[in-house]
Amino acid sequence: MSSADVTLSPVRNEPSMMPLVHANSCADSLPDETILIYLTLPGTLIPMRVLESDSIESVKLRIQSYRGFVVRNQKLVFGGRELARSNSNMRDYGVSDGNVLHLVVKVSDLQVLDVKTTCGKHCRFHVERGRNIGYVKKQISKQKGGDFVDSEVLYEGEKLEDQSLVNDICRNSDAVLHLLVRRSAKVRAKPVEKNFELSIVAPPRVDDVKRVIEADDGIVQPRKQLLNDFSLEPVIVNPKAELPEVVKDMVSSASDGLRSGNPPVRSREGTGGAYFMQGSSGNKYVGVFKPLDEEPTAENNPHGLPLSPNGEGLKKGTKVGEGALREVAAYILDHPKSGRRYMCGEEMGFAGVPPTTMIECLHPGFNHPNGIKTKIGSLQMFTENDGSCEDMGPASFPVEEVHKISVLDIRLANADRHGGNILMRKDENGKIVLIPIDHGYSLPESFEDCTFEWLYWSQARKPYSSETLDYIRSLDAEEDISLLKFHGWKMPLETARTLRISTMLLKKGAERGLTAFEIGNMMCRETLTKKSLVEEMVEEAEEAVLPETSEATFMEALSDVMDYHLDEVVHV
Ligand SMILES: Nc1ncnc2c1ncn2[C@@H]1O[C@H](COP(=O)(O)OP(=O)(O)OP(=O)(O)O)[C@@H](O)[C@H]1O
């Protein structure tokens, strides 16, 4: 996410209660279904009058108008569940009079910079808000060719010091920070008789200047914390499951970072606690750590979300405290094209899930409201990126990139694939590469909350390539379940069933020439209450077998039901 957390349009003065805005409402007779709800933000409780029939989107729009938080940066949580479907209404989610809804506002870790130079060059790029102007100058030099390290950078006419942090400069929460770069001119004065002669000495032209050797990478150096009370170790359940070298390197770099006094930096984005782990030099993030106890609605969630009432995660069919397990599973199951992950551990997987492993880590920099304790969670390799798919229209995403994400999401029945969870970067040839992250809500026990952002992208309607079809053919859910068991996750029957069903649907659908859109669409509900086709197929198969029947017999029944429905789709 690169945009700021607030809209650029003027925000209305905050009323004590957000008024009801409805086409049919009139001052003295409120419609029957009017309810009063309360929004909590850390430290604030905001009363708001809404209609039970108001859509989530319209409620968010009003929050945007009165509080300034843009809709896509808002997450509403009620009863331990995220109100994720924008076209569903308050009633669908069971919100009634007097209920308290939690509003989590996503604040970006990245800032868009729009840079103009006095010699007419222009560039636009993202930087982490923790970087300083010295670093920005180096980025401009890289992007535009030449050396801008000795130049002056101005914001609203004021010269910025090299040490100034991007975060501190954004005083108006600007979505885009406009900077002007000019060559610095030194003024020298030399006495000439009783007067001074002024001469302005412009620096040499860019081409004449030798490139400055890297000295400071410009990342914020939080005060060094040289501690003894820290640790970072991989969690290995099965000693036979050897960690790939890339994972070992990531773990040791993050551990070296802590040893060198570079503390974890908490991300401002997301609903759970996510920490950027630094390397030993302190100028590079090497991993993202997500502790189990800081997941949304878990005990130590840093965003103040209340505890889950029933242990279920924000998405149906997931459990609080299992997000890290699912993150690691997504990496293990993202087999490379050439074979299973355990046979060729070093290779990047088909969908490009960054290497992820389970670690235990002790550091006072995490959220410890009840005393400092060792935390267990997932550590994922930090991937340099130019923002997420929320920052850009999908038109320029290569078809193969979209297809690889679709294959992963269908297999894992991902319940949280929104644009913010796909990072994006350009490779050395300028081609856009998509990087799937945040798989804490994959492999749910039910299909109720499956959502795939890419369903709405035109690439999803293009046929899979023969290479992708070969990959799909090679998938085997039983092998995947055994592989996860080998790595220590003995999946509950319901989760294993999800993996079996979604793999079966992907394989059967692809075999019949269906597109990612057609297959994905069968897994997603059109509305909160209308069951998806895959849910209907499961129900039909359950009705066709005896209650105590074996899993294998159930899957056989489902296979027949699925063939019937897919053939119908193909012949329409
Ligand atoms: N592997 C990665 N490489 C680079 N940045 C990452 C990586 N994983 C996560 N991030 C960034 O870390 C921040 C928080 O991560 P993330 O969105 O996954 O957290 P979350 O709490 O699980 O979010 P959500 O509320 O979307 O479920 C985001 O800015 C995200 O872009």
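User: Ala 413: buried or exposed?

Analyst: Ala 413 is buried, at 0% relative accessibility. Buried means under 20% relative accessible area, exposed means over 50%, and partly exposed is in between (1.4 Å probe, protein chains only).

User: What should I know about the model before we go on?

Analyst: This is a predicted model, where local features need pLDDT of at least 70, side-chain atom pairs count only at pLDDT 80 or more, and totals for chains, interfaces and linings use all residues. Residues are numbered from 1 along each chain as its sequence is written, and side-chain values use heavy atoms, with hydrogens and water left out.

User: Where does Ala 413 lie?

Analyst: In the loop between α6 (399–412) and β19 (422–426). Helices (H or I, at least four residues) and strands (E, at least two) are DSSP runs, numbered from the N terminus.

User: What is the phi of Ala 413 near?

Analyst: Near 50 degrees, a positive value in a residue other than glycine. Most residues other than glycine have a negative phi.

User: And what about phi of Thr 297?

Analyst: That one is positive too, near 60 degrees. Thr 297 sits in the loop between β16 (285–291) and α5 (323–333). Thr 297 is buried, with a relative accessible area of 2%.

User: Back to β19. Which strand do bridges join it to?

Analyst: β20 (residues 432–436), through 5 bridges. The two run antiparallel. Two strands pair if DSSP finds at least two bridges between them. Met 424 has Leu 434 in β20 as its bridge partner. The hairpin has 5 residues between the strands, and Gly 430 takes a positive phi near 85 degrees there.

User: Which residues have the most contacts inside the largest nonpolar core?

Analyst: Leu 434, Trp 454, Tyr 464, Leu 505 and Leu 558, in a core of 48 residues. A nonpolar core is a set of buried Ala, Val, Leu, Ile, Met, Phe, Trp, Tyr and Cys residues joined through side-chain atoms within 4.5 Å.

User: Which element gives the largest share of this core?

Analyst: α12, with 7 residues.

User: New topic. What is the strand order in the open sheet of 5 strands?

Analyst: β2-β1-β5-β3-β4, with mixed pairing. β2 (44–51) and β4 (81–82) stand at the edges, each with a single partner strand, so one side of each has no neighbour in the sheet.

User: How do β1 and β5 run?

Analyst: Parallel, with 3 bridges joining β1 (residues 34–41) to β5 (residues 100–105). Leu 39 stands opposite Leu 101 in β5.
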